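Colleague: I have a model open and some labels to check. Can you take me through how each one was reached?

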Amino acid sequence: MTKARYCPRAAYLRRLVEQGRIVAAKQQASAWLRENYASPQFLGLIAEWLDPSKPGRIRRSRRAPAQWLDIGEAFEALREDGFTREQTILILSDRFHRSARLIDEALSFHKEAQRSYTPASKAMNGRGAETEAGAA
């Protein structure tokens, strides 16, 4: 029976990646490669980064549903016109020739996109109001 080996450098790089410091991890790994460091665990980690084709190694980003922006905007317009959520989904399902489930997915993608965009636009609007108030 072979012992599992521990490589502190590979563990350090994995920790950096888990913390979201991917650039720092890659820079450190390239520095160690230039020094000709080559433990099996370290080289295995580098191989994972270079060839992520094995399943489960890298999370793939969620693909945007077709016409998500159009669906989201149409949903908001219909809701403002007084339709219920269920009625709106049925109307959009018919209009875009998609199932209700796909309409729901497009709406959640649209909502997520709005959420990630909104803080930046609020900050810009806030600065613009201060600038105008200061100018007056």
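Modeller: Start with His110. His110 touches Trp68, Leu69, Gly72, Glu73 and Glu76, leaving aside residues up to four places away in sequence. Keep in mind that this is a predicted model.

Colleague: What makes a pair of residues a contact?

Modeller: Heavy atoms within 4.5 Å. Trp68 and Glu76 are among the residues that His110 touches.

Colleague: Where does His110 lie?

Modeller: In helix H6, residues 100-135.

Colleague: Why is His110 called buried?

Modeller: Buried means under 20% relative accessible area. His110 has 6%, so His110 is buried.

Colleague: How much of the protein chain counts as buried?

Modeller: Of its 136 residues, 22%.

Colleague: Which pattern does the protein chain follow along the sequence?

Modeller: The pattern is α-α-α-α-α-α. There are six helices and zero strands.

Colleague: Which residues of H2 are buried?

Modeller: Ala25, Ala29 and Trp32.

Colleague: What puts them on the same side of H2?

Modeller: The arc. They cover only 65 degrees around the axis, so they sit on the same side of H2. An α-helix has 3.6 residues a turn, so residues three or four places apart point the same way.

Colleague: What is exposed on the other side of H2?

Modeller: Val23, Gln27 and Arg34. Exposed means over 50% relative accessible area.

Colleague: And what covers the buried residues of H2?

Modeller: The cover includes H1 and H3.

Colleague: What follows H2?

Modeller: Asn36, with a positive phi near 65 degrees.

Colleague: Now H3, residues 40-50. Which of its residues are buried?

Modeller: Phe42, Leu45, Ile46 and Glu48.

Colleague: What covers the buried residues of H3?

Modeller: Helix H1 (8-18) and helix H2 (22-34) are included in that cover.

Key:
Residues numbered from 1 in each chain as written. Predicted model: local features only at pLDDT ≥ 70, side-chain atom pairs only at ≥ 80, totals over all residues. Heavy atoms only, no water. Buried < 20%, exposed > 50% of the residue type's maximum accessible area, 1.4 Å probe, protein only. Helix = DSSP H or I, 4+ residues; strand = E, 2+ residues; numbered from the N terminus. Arc of directions from axis to C-beta.
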